[in-house]
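Me: Can you go through this one with me? I'd like the fold, the pocket and the ring contacts.

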Amino acid sequence: MVHGMRTDTHTGYARRNGWRDTATRYALLPLRIFLGVTFIYAGLDKLTDSAFMKASGDGSIGEQMHNIRDISALPELVDLALKSPVGFGYAIALGELAVGIGTLIGLFARIAALGGALISLSLWLTMSWSAEPYYYGNDLAYLMAWLPLVLAGASFLSVDAWIAQRRDASGLRLR
């Protein structure tokens, strides 16, 4: 008599594997939602804060940049922004909005995530560089959070996935 495992009765693994596949498919969705909403909020917050979009004064982008210039990792980057602090403030706010919307709906998701990573990198090297210990500065954590989306994109519940499905259905997929 041959002893072995009966493979026809082990359906639990298949169900668990189905759950794992579903969990894997949805794994980046909470991160996309969090980063998308956060960046949309950050952009809108800057655009609607009358004190922020000024070259000088309490709470202004100009004052913030003057305050962190000497303690940033790249003071040259701050100097560049100080040439037009209000323009830089609008560029950051609109960039955050574009990144947030692109990430949330999954449109050009890898490009949006790369934009988010670059914004987070620039803020880490300027605004939160001097945070000690380093983990008190949240911009580094945001930078790390963007990297999985840069690598994986938004292949599920996204405009990118919908476009890919339509392209596949019409036979226009490039090889």
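This is a predicted model: local features need pLDDT of at least 70, side-chain atom pairs count only at pLDDT 80 or more; totals for chains, interfaces and linings use all residues.

Me: How much of the protein chain is buried?

Reply: Of its 175 residues, 32% are buried. The accessible surface of the protein chain is about 11500 Å², and carbon and sulfur atoms account for 63% of that surface.

Me: And the contacts, what share comes from residues 24 or more positions apart?

Reply: Counting contacts with a separation of 6 or more, 68% are between residues 24 or more positions apart.

Me: Pocket next. What volume does the largest one have?

Reply: About 420 Å³. The lining of the largest pocket consists of 23 residues, and those nearest the centre are Lys46, Glu96, Leu123, Met127 and Asp139.

Me: What's the lining like by class?

Reply: It has 14 nonpolar, six polar and three charged residues.

Me: Which helices supply at least two residues each?

Reply: Those are H2 (29-48), H3 (61-68), H4 (75-82), H5 (85-105), H6 (109-126) and H7 (138-152).

Me: Switching to rings. How many aromatic pairs are there?

Reply: The structure holds seven aromatic pairs. One of them joins tyrosine 26 and phenylalanine 156, with 4.7 Å between centres and 80° between planes, an edge-to-face arrangement.

Me: Where do tyrosine 26 and phenylalanine 156 lie?

Reply: Tyrosine 26 is in helix H1 (residues 11-26), and phenylalanine 156 is in the loop between H7 and helix H8 (159-169), so the pair ties together parts 130 residues apart in sequence.

Me: Which residues form an aromatic cluster?

Reply: Phe34, Phe39, Tyr142 and Trp146 form one.

Me: Last topic, alanine 73. Where does it lie?

Reply: Alanine 73 sits in the loop between H3 and H4. Its relative accessible area is 27%, so alanine 73 is partly exposed.

Me: What is alanine 73 in contact with, leaving aside neighbours within four places in sequence?

Reply: Leu125 and Trp129. As for tryptophan 124, its C-alpha is 8.6 Å from that of alanine 73, and the two are 51 residues apart in sequence.

Conventions. Residues are numbered from 1 along each chain as its sequence is written. Side-chain values use heavy atoms; hydrogens and water are left out. On a 1 Å grid over the protein atoms alone, a cavity is a set of points where a 1.4 Å probe fits but cannot get out, and a pocket is an open set with protein on both sides within 12 Å along at least five of seven lines; lining residues have an atom within 4 Å of a point. Grid points are joined across faces, edges and corners, and a volume is the space filled by probe spheres set on the points. Helices (H or I, at least four residues) and strands (E, at least two) are DSSP runs, numbered from the N terminus. Ala, Val, Leu, Ile, Met, Phe, Trp, Tyr, Cys and Pro count as nonpolar, Asp, Glu, Lys and Arg as charged, and the others, Gly among them, as polar. Rings of Phe, Tyr and Trp (its six-membered ring) pair if their centres lie within 6.5 Å; planes under 30 degrees apart count as stacked, over 60 as edge-to-face and the rest as tilted. Buried means under 20% relative accessible area, exposed over 50%, partly exposed in between (1.4 Å probe, protein chains only). Contact means heavy atoms within 4.5 Å. Accessible areas come from the Shrake-Rupley method with a 1.4 Å probe; for residues, only the protein chains shown count as cover.
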